[in-house]
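Dear colleague,

Please read them with the model open in your viewer.

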Amino acid sequence: MILFIKLFLAHLLGDFLFQPTKWVIHKEAHKIGSKYLYAHIMIHFVLVLILMADITYWKIALVIALSHYVIDLGKLYSSKWFSNKSIPFFIDQAFHVAIIFGCAYYGTVIGQAAYLIGLMDWGLITAVFFLSLPSAIIMNILLERMSDQIPLDHKSLPNAGKYIGIIERLFVFIFVITGRWEGIGLLITAKSVFRFNDLKESNSRKLTEYILIGTLLSFGLAILTGIIYTAY
């Protein structure tokens with residue numbers, strides 16, 4: 001499990017933190033000819049070696065990097081067949097996680113995972129990072145079609161919604177792992193109070209529904225992550 005979590009954390013870092021939006025756009029435009037595709041694959045290879053802290057894991061790093069290359073190419077060339085871009089995204093991520101699980105299982109079988117047990121709570125680190133940028137991107141993909149129907153509010157701060165979502169998910173996660181479920185109710189109430197004037201002035205049912213769906217999805221991700229972490 002420790003080995004799988006480290007490999008999964010390397011995947012999250014490589015796919016979400018160390019992959020700028022311009023890289024994604026360039027890959028979609030140039031596909032196999034994109035220089036950023038190969039930089040992206042190299043980053044995954046290096047991240048696995050860094051988190052493993054053991055050069056003997058180079059075979060696992062190589063398998064993950066090469067499989068990542070093949071899976072990403074499949075996504076780039078098959079995305080045109082899907083009208084909903086969230087479908088190829090989740091299929092792509094499912095394949096990556098499956099490869100990571102296979103590598104973790106292999107590493108466990110050969111007994112190398114025993115050397116990775118340390119004092120750091122890798123489960124907590126991975127959960128917290130997942131609830132930050134990766135969850136924000138997942139939320140954006142899931143709500144993309146709905147957000148196109150909401151008028152833009154040019155008075156809002158840049159990326160304010162993303163950071164509010166990250167902070168609220170971290171609060172919910174803390175409440176879950178500490179057993180303070182009543183704190184989630186308090187957080188929902190506070191958010192409702194702060195949003196009341198905006199919703200009242202806009203008088204938009206679409207905006208109200210959009211905020212409600214986004215809030216429930218965000219809280220749901222945090223609660224599910226907290227439950228998985230406490231079970232682990």
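Of the 232 residues in the chain, 37% are buried, where buried means under 20% relative accessible area, exposed means over 50%, and partly exposed lies in between (1.4 Å probe, protein chains only). The accessible surface of the chain comes to about 13900 Å², and carbon and sulfur atoms account for 70% of that; such areas come from the Shrake-Rupley method with a 1.4 Å probe, and for residues only the protein chains shown count as cover.

Please keep in mind that this is a predicted model, in which local features need pLDDT of at least 70 and side-chain atom pairs count only at pLDDT 80 or more, while totals for chains, interfaces and linings use all residues. Residues are numbered from 1 along each chain as its sequence is written, and side-chain values use heavy atoms, with hydrogens and water left out.

The secondary structure comes to 11 helices and zero strands, these elements being DSSP runs numbered from the N terminus (helices H or I, at least four residues; strands E, at least two). Among contacts in the chain with a separation of 6 or more, 79% are between residues 24 or more positions apart, a contact being heavy atoms within 4.5 Å.

The largest nonpolar core has 39 residues, and Leu7 and Val48 are those with the most contacts inside it; a core of this kind is a set of buried Ala, Val, Leu, Ile, Met, Phe, Trp, Tyr and Cys residues joined through side-chain atoms within 4.5 Å. Helix H1 gives the largest share of this core, nine residues. Leaving aside its neighbours within four places in sequence, Leu7 is in contact with Val48, Met52, Ile60, Ile64, Ile100, Cys103 and Ala104.

There are two salt bridges, each being a side-chain nitrogen of Lys or Arg within 4 Å of a carboxyl oxygen of Asp or Glu. One joins the side chains of Asp72 and Lys27 (3.6 Å, N to O), linking helix H4 to helix H2 (residues 21-30) across 45 residues, and both Asp72 and Lys27 are buried. The other joins Arg180 and Glu182 (3.3 Å, N to O), and both of these residues are exposed.

On a 1 Å grid over the protein atoms alone, a cavity is a set of points where a 1.4 Å probe fits but cannot get out, a pocket is an open set with protein on both sides within 12 Å along at least five of seven lines, and lining residues have an atom within 4 Å of a point. Grid points are joined across faces, edges and corners, and a volume is the space filled by probe spheres set on the points. The largest cavity is lined by His11, His44, Ile64, Ser67, His68, His96, Ile99 and Ile100. The second largest pocket has a volume of about 450 Å³, and of its 15 lining residues the closest to its centre are Phe8, Thr126, Phe130, Thr225 and Ile228. Helix H11 gives the most to this lining, with five residues.

Lastly, Lys31 is in the loop between H2 and H3 and is partly exposed, with a relative accessible area of 23%. Not counting residues up to four places away in sequence, Lys31 touches His26, Leu37, Leu76 and Tyr77.

With best wishes
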